[in-house]
Amino acid sequence: MDDVSIVQLFWNRSEKAISEVAKKYGRFCMTIARNILGNPEDSEECVNDAYLSLWNTIPPKKPSVLPPFLGRITRNLALNLYKKNHAEKRGGGEFPLVLEELSEVIAGSDSADSDLYKKEIMRVVSAFLAELTPEKRKLFVRRFWYADSVKNIAHQMKMTENNVSVTLNRLRTQLREKLQEGGLVS
Amino acid sequence: MNNLEFFDMLGDIDDMYILEAGYSSDEDERPVAKAASSESAPRRIRPIVKTVLPIAAGIAAVALITFGFWKIFISGSQKANVSIQPSELIEPTVAVTIEETGKEETSTYPPILWAALQIPSNREVVLFGEPISDEEAKACFEEDFQLIHDLIVELGRYTTDLRMAEHGYGHISFDGVEGESLMYKQNVREYLLYDGTVLIGSIEFTKTNRKVDYVLLVGGTRFDYLDSFLKLHEGEQILFMNLQDIEIVIAPDGSIITPCTSDRDNVMQFFEKQGIEDPWTYFFYEPATYIVVS
């Protein structure tokens, strides 16, 4: 079923909407959740919450393309659960490595975290992404949006793991330099 | 700001990049083989809103809003008078799915994984379907002229001098899968439609079991891009191709447009990476070309 029809089911408040979303994007959501949370039980809980959230969001929203919309909901929920689990010292997997890599990028950032500051960071990140070749951008997004493993990225993009790691390292350095140029990190 | 907050913030990157990265656990299950052998409508057309019109007088008509242009399927050549109101296109009155017409895939196409694409390993062209000729297309157009005219007008494109191009073209295509050949559906042929000298849309004929169906495509940015490009290349032999669901139009000087999507740069980088300096020559296949006549 296409996305528009699925969204229409949500608007019609048809329970079939959830099953259609699960059928089409269940694995997609599960992968995002599992990349962040690391364990299947939490991931499943997160994905179910994502469906519920989708049910509560549509209507009034009417996304024309579901994957980024649903993916973002799943990612946010997974991240919240990760924070909770992390406080309780649970979890593990690939995600801590992703976070460690991101630490390098924002080391020396402002701890005040004003909205303006965050907006400026996102502006630099967006400009940085826009300048990248599609291949490098995909690599960056897979790692730092989808929290995908180096191994899986290498497999999907037909690269060696070493090549992926080296490219990601360069991209992080480039992004850090951009943030430094903008005076956003020291 | 800590790393978790930064990761959280990165969640706000543009949707386009999320789609481009194409991460999906389902992507390995993409029905590439099916697409390669499919006789269905071209995948370059992505349904955004679909609906089905009342079926009247033996006519099965399906309308879609596809990337800004209207698309109507007509099954078989007909002379009946069909009235279509754009508002009806938004709210379906008959619950018949497009799948049942066998004319359109309805899934949302996953983003292309450019890094994994391969150029066909040889220049052999695999042909599909029974050929349709310019004469057959012309006869069908003339027979249904009034209906086609009325449909176009109903879709908001008033025309007083409707003309169909003398010659049509198909699309040479490939899916980028290792080991595959170039493909050409010789039973599908698209003809540009003009109001006088102004490009307003196209009509695509498909021949199956000696029966000719056609699809009307009207309005939208596709034809704006195409019109500008064709005007720039008057008298030249323009090549039409599909890479998966992306339509690529190439002029002999190597100029490229992707009139339905914003993939032009990706396409050019892909060709460059594959060592194709002259894509027009590399992919040239005469039935997939169209010469613009002023």
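# Chat about chains A and B

Author: Chain A exposes about 8,800 Å², and carbon and sulfur atoms supply 51% of that. Accessible areas here come from the Shrake-Rupley method with a 1.4 Å probe, and for residues only the protein chains shown count as cover. This is a predicted model, in which local features need pLDDT of at least 70, side-chain atom pairs count only at pLDDT 80 or more, and totals for chains, interfaces and linings use all residues. Residues are numbered from 1 along each chain as its sequence is written, chains are lettered from A and ligands numbered from 1 in the order in which they are written, and side-chain values use heavy atoms, with hydrogens and water left out.

Reader: OK, and what is the accessible surface of chain B?

Author: For chain B the figure is about 12,500 Å², with 52% belonging to carbon and sulfur atoms.

Reader: How many helices and strands does chain A have?

Author: Chain A has nine helices and zero strands. Helices (H or I, at least four residues) and strands (E, at least two) are DSSP runs, numbered from the N terminus.

Reader: And chain B? How many helices and strands are there?

Author: Chain B has 10 helices and 14 strands.

Reader: Now packing. At what angle do α5(A) and α9(A) pack?

Author: Helix α5 (residues 95–106) and helix α9 (residues 161–181), both of chain A, pack at about 35°, with axes 8 Å apart. Axes are lines fitted to C-alpha atoms, for helices over the stretch in contact, and angles run from 0 to 180 degrees between N-to-C directions.

Reader: Which residues meet there?

Author: From α5(A) there are Glu101(A), Glu104(A), Val105(A) and Ile106(A), and these meet Asn169(A), Arg172(A), Leu175(A), Arg176(A) and Leu179(A) of α9(A). Contact means heavy atoms within 4.5 Å. The residues of this contact divide into four nonpolar, one polar and four charged. Ala, Val, Leu, Ile, Met, Phe, Trp, Tyr, Cys and Pro count as nonpolar, Asp, Glu, Lys and Arg as charged, and the others, Gly among them, as polar.

Reader: How do the axes of α5(A) and α1 of chain B cross?

Author: The axes of α5(A) and helix α1 (residues 3–10) of chain B come within 8 Å and cross at roughly 95°. So α5(A) is roughly perpendicular to α1(B). Angles of 65 to 115 degrees count as roughly perpendicular, under 35 as roughly parallel, over 145 as roughly antiparallel, and the rest as oblique.

Reader: What kinds of residues make that contact?

Author: They divide into 10 nonpolar, two polar and one charged. Among them are Phe95(A), Val98(A) and Leu99(A) of α5(A), and Phe6(B), Phe7(B) and Leu10(B) of α1(B).

Reader: Different topic. Where are the cis peptide bonds at Pro59(A) and Pro60(A)?

Author: The bond from Ile58(A) to Pro59(A) is cis, with omega near -15°. Another cis bond joins Pro59(A) and Pro60(A), with omega about 15°. Pro59(A) is in the loop between α3 (40–57) and α4 (66–87) of chain A. Most peptide bonds are trans.

Reader: What about phi? What is the value for Ala147(A)?

Author: Phi of Ala147(A) is near 55°, a positive value in a residue other than glycine. Most residues other than glycine have a negative phi. Ala147(A) sits in the loop between α7 (134–144) and α8 (150–156) of chain A.

Reader: Is Ala147(A) buried or exposed?

Author: Ala147(A) is buried, at a relative accessible area of 0%. Arg210(B) has a phi near 70°, also positive, and at 75% relative accessibility Arg210(B) counts as exposed. Arg210(B) is in the loop between β9 (198–208) and β10 (211–218) of chain B.

Reader: Last one: what does Asp195(B) touch?

Author: Not counting residues up to four places away in sequence, Asp195(B) touches Arg157(B), Tyr158(B), Thr159(B), Thr160(B), Asp161(B), Leu162(B) and Ile200(B). Asp195(B) is in strand β8 (residues 188–195) of chain B.

Definitions and conventions: Buried < 20%, exposed > 50% of the residue type's maximum accessible area, 1.4 Å probe, protein only.
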